[in-house]
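Biologist: Can you put the structure up? I have a few questions about it.

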Amino acid sequence: MNCNLCKHELEAYREGRLPDGIRAQVEAHLAKCSDCSAIYQMETIANRVMDTEKQIQSNPFLATRIMAGVEALEQRSERIPAYRKALKPVLVSISIAAAILVGIFAGSIYQPSQKAQGIPAEMAYINDATLESVDYLATK
C-alpha cells in the first residue's frame, strides 16, 4: 500500500469500517511509514480534542447574564445629564474657532521681504523668453 491510499483510508481505519484485508494493509503501512503514522496520530489527537469539547456543557445562564449586563450599560448611558450632552458640541465649536484664530494670527505675522521693493524698474520689463531661444540653440 502506498502513502496516498493509506491517507485516504485513515478515517475509515480509525472508525473501524475497513474490511480485515485492507485494515491489515493499513496497519502494516503505518508500522513501516513514519509520515503516515504521524498523520494518523495527529488526526487521532485532533478527534480526541473535538470529542472532549463536545462533552463540555455550557452554562445555561451565561446568555442571560450577558444580556443583563448589556441592559445595565444601556441604562447607565441613558442617564447622562443635560449639561454633559451640551458640553461636547460647545467644546468642538470653541476648538474650531480657536483653530481659525490661530490661522489668522499666523497669516498676519508674515511680512513681505524688503528686497522685493528694491527691484529696479528695468528688470520688470525684461522678458526672459526672448533672451535665449530654444530653437536658436537647437540649430547649432
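Modeller: Here it is; keep in mind that this is a predicted model. One place to start is the exposed side of H3, where Ser 34, Asp 35, Met 42 and Glu 53 are found.

Biologist: And which residues of H3 are buried?

Modeller: Cys 36, Ser 37 and Thr 44. They sit on the same side of H3, because the arc they cover around the axis is only 95 degrees.

Biologist: What covers the buried residues of H3?

Modeller: The cover includes two helices, H1 (3-15) and H2 (20-32).

Biologist: How many residues does H3 have, and how far does it reach?

Modeller: H3 runs over residues 34-55, which is 22 residues. From the first C-alpha to the last it reaches 32 Å, close to the 32 Å expected at 1.5 Å a residue.

Biologist: Changing topic: how many salt bridges does the count come to?

Modeller: The count comes to 4 salt bridges.

Biologist: Which residues are linked in a network of salt bridges?

Modeller: Asp 20, Arg 23 and Glu 27. Asp 20 pairs with Arg 23, with 3.2 Å between the closest N and O atoms. Arg 23 also meets Glu 27 through their side chains, at 3.4 Å from N to O.

Biologist: How are those residues spaced in H2, starting with Asp 20 and Arg 23?

Modeller: Asp 20 and Arg 23 are 3 residues apart in helix H2, so about one helical turn separates them. Arg 23 and Glu 27 are 4 residues apart in helix H2, again about one helical turn.

Biologist: Is Asp 20 buried or exposed? What about Arg 23?

Modeller: Asp 20 counts as exposed, at 57% relative accessibility. Arg 23 is partly exposed at 32%, and Glu 27 is partly exposed at 35%.

Biologist: What does Arg 17 meet in a salt bridge?

Modeller: Glu 15, with the side chains at 2.6 Å from N to O.

Biologist: What is the relative accessible area of Glu 15, and of Arg 17?

Modeller: Glu 15 has a relative accessible area of 47%, which makes it partly exposed. Arg 17 is exposed, with 54%. The cut-off for exposed is over 50%, so Glu 15 at 47% falls under partly exposed.

Methods:
Residues are numbered from 1 along each chain as its sequence is written. This is a predicted model: local features need pLDDT of at least 70, side-chain atom pairs count only at pLDDT 80 or more; totals for chains, interfaces and linings use all residues. Side-chain values use heavy atoms; hydrogens and water are left out. The expected span of a helix is 1.5 Å times one less than its number of residues. Buried means under 20% relative accessible area, exposed over 50%, partly exposed in between (1.4 Å probe, protein chains only). The arc is that of the directions from the helix axis to the C-beta atoms. Contact means heavy atoms within 4.5 Å.
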